[in-house]
Amino acid sequence: MPDTIIALNTVSKIYDKKTVLKDVTFSVQRGQSIAFTGHNGSGKSTLLKLIARLVTPSGGTLISKSGLLFHYIPEHFPKSSLTARQYLRHMGSIDGLNKDILKEQEDKLSEDFFIHGMLDVPMKHLSKGTLQKVGVIQALLKKPDVLLLDEPLSGQDIESQAVFIRKVKELHSEGVTLLMSCHEPHLTTRISDLVFEIEGGIVRTADKEPSILQKNYILLFDGAPQAQVPPGISPYTVMDRTDQKGRLKISASEQESDRLLPLMLEKGWKLREMYEDHI
């Protein structure tokens, strides 16, 4: 039986007499992965903040099942004089993690996201992309019931995108409910079960666009140990790079694979294997 954990009924939000969201009605089942798409300013961030209880509705009702642990990753992370390490330890203690587990998670995740050497830098001196990584690490220190992600890939390099997608998919497989605002078709393809589009303050189920329905492929390339990935492949997710063997593993949609292959071959890479990604 479906387990409804969040329900919105004719929810609206008004800022300075402007209606940002109007009569939003939908429910979220435990373990669902939902993406919200729409142009900048359409209300995606506002909707996530409403669900996270960071802002209150101007009308309607929003009900969440009691006892849920929500973790929220904003697109624009506030800068602070705290170091990343101080911030992570403070937030981990709020989540009730003991010091040993917190340190273990902090070390592992900061290595995974390539920022271990920046943990003692004040956050006000970190770039947008690094601040986003700190926010992601904080959200992953303890497994939440609901993970809210606001444009999670907007400041990330290809390698960090790959780590992020793998870890979020792992959480989803473990029953974590995912609610995400994004505009990258390859991200909704790999993570989301359901897509809503926000336009003019109205939230509606998105059409089944070809970019969402198309197949995804894994491409395995051989090259020199220090071979460079050609520019212009940001839509692709580099899943693994083993420089010692000069190999590269990439995930790309069917359409984008056709564009990627000649770029890689031109740079001296050799296609070793290509197969459909059923994950």
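**Exercise 1. The setting of L119**

Where is the place of L119? Determine also whether L119 is buried or exposed, and which residues L119 touches.

*Solution.* The model is a predicted one.

Step 1. L119 sits in the loop between α3 and α4.

Step 2. Its relative accessible area is 0%. Since the cut-off for a buried residue is under 20%, L119 is buried.

Step 3. Leaving aside residues up to four places away in sequence, L119 touches T83, A84, R85, L88, E106 and S110.

**Exercise 2. The packing of α2 against α3**

Describe how helix α2 and helix α3 pack, giving the angle and the distance between their axes, and then classify the residues of the contact.

*Solution.* Two packed helices are described by the angle between their axes and by the distance between those axes.

Step 1. Helix α2 spans residues 84-94 and helix α3 residues 99-112; the angle is about 135 degrees, and the axes lie 10 Å apart.

Step 2. Roughly parallel requires an angle under 35 degrees, roughly antiparallel over 145, and roughly perpendicular 65 to 115. α2 and α3 are therefore oblique to each other.

Step 3. The crossing of α2 past α3 is right-handed.

Step 4. On the α2 side, R85, L88, R89, G92 and S93 take part, and they meet L102, K103, E106 and D107 of α3. By class, this contact has 2 nonpolar, 2 polar and 5 charged residues.

**Exercise 3. The packing of α2 against α4**

At what angle do the axes of α2 and α4 cross, and which residues meet in this contact?

*Solution.* Step 1. The axes cross at roughly 25 degrees and come within 10 Å. This angle makes α2 roughly parallel to α4.

Step 1. The crossing of α2 and α4 is right-handed.

Step 2. From α2, the residues A84, Y87, L88 and M91 meet V134, I137 and Q138 of α4. The contact of α2 with α4 divides into 6 nonpolar residues, 1 polar and no charged.

**Exercise 4. The nonpolar cores**

Which members of the largest nonpolar core touch the most other members, and which element gives the largest share of this core?

*Solution.* In soluble globular proteins, nonpolar side chains tend to be buried together.

Step 1. The largest nonpolar core has 37 residues, of which M123, V134, L147, F164, L187 and I191 touch the most other members.

Step 2. Two or more residues each are given to this core by α2, α3, α4 (128-140), β6 (146-150), α5 (158-173), β7 (177-181) and α6 (185-191). The largest share, 6 residues, comes from α4.

Step 3. F164 touches F113, V136, L149, P152, L153, L187 and I191, with residues up to four places away in sequence not counted.

Step 4. Another core lies apart from the largest one; it has 26 residues, including L21, L50, L68 and F196.

**Exercise 5. Helix α1 and the overall fold**

*Solution.* Step 1. The buried residues are K44, T46, L47, L48, L50 and I51.

Step 1. Just after α1, R53 takes a positive phi of about 65 degrees.

Step 2. The protein has 8 helices and 13 strands. Of its 279 residues, 47% are buried.

Step 3. Among contacts between residues at least 6 apart in sequence, 70% join residues at least 24 apart.

Notes:
Residues are numbered from 1 along each chain as its sequence is written. This is a predicted model: local features need pLDDT of at least 70, side-chain atom pairs count only at pLDDT 80 or more; totals for chains, interfaces and linings use all residues. Side-chain values use heavy atoms; hydrogens and water are left out. Axes are lines fitted to C-alpha atoms, for helices over the stretch in contact, and angles run from 0 to 180 degrees between N-to-C directions. Helices (H or I, at least four residues) and strands (E, at least two) are DSSP runs, numbered from the N terminus. A crossing is left-handed if the near helix is turned anticlockwise from the far one by less than a right angle, and right-handed if clockwise. Contact means heavy atoms within 4.5 Å. Ala, Val, Leu, Ile, Met, Phe, Trp, Tyr, Cys and Pro count as nonpolar, Asp, Glu, Lys and Arg as charged, and the others, Gly among them, as polar. A nonpolar core is a set of buried Ala, Val, Leu, Ile, Met, Phe, Trp, Tyr and Cys residues joined through side-chain atoms within 4.5 Å. Buried means under 20% relative accessible area, exposed over 50%, partly exposed in between (1.4 Å probe, protein chains only).
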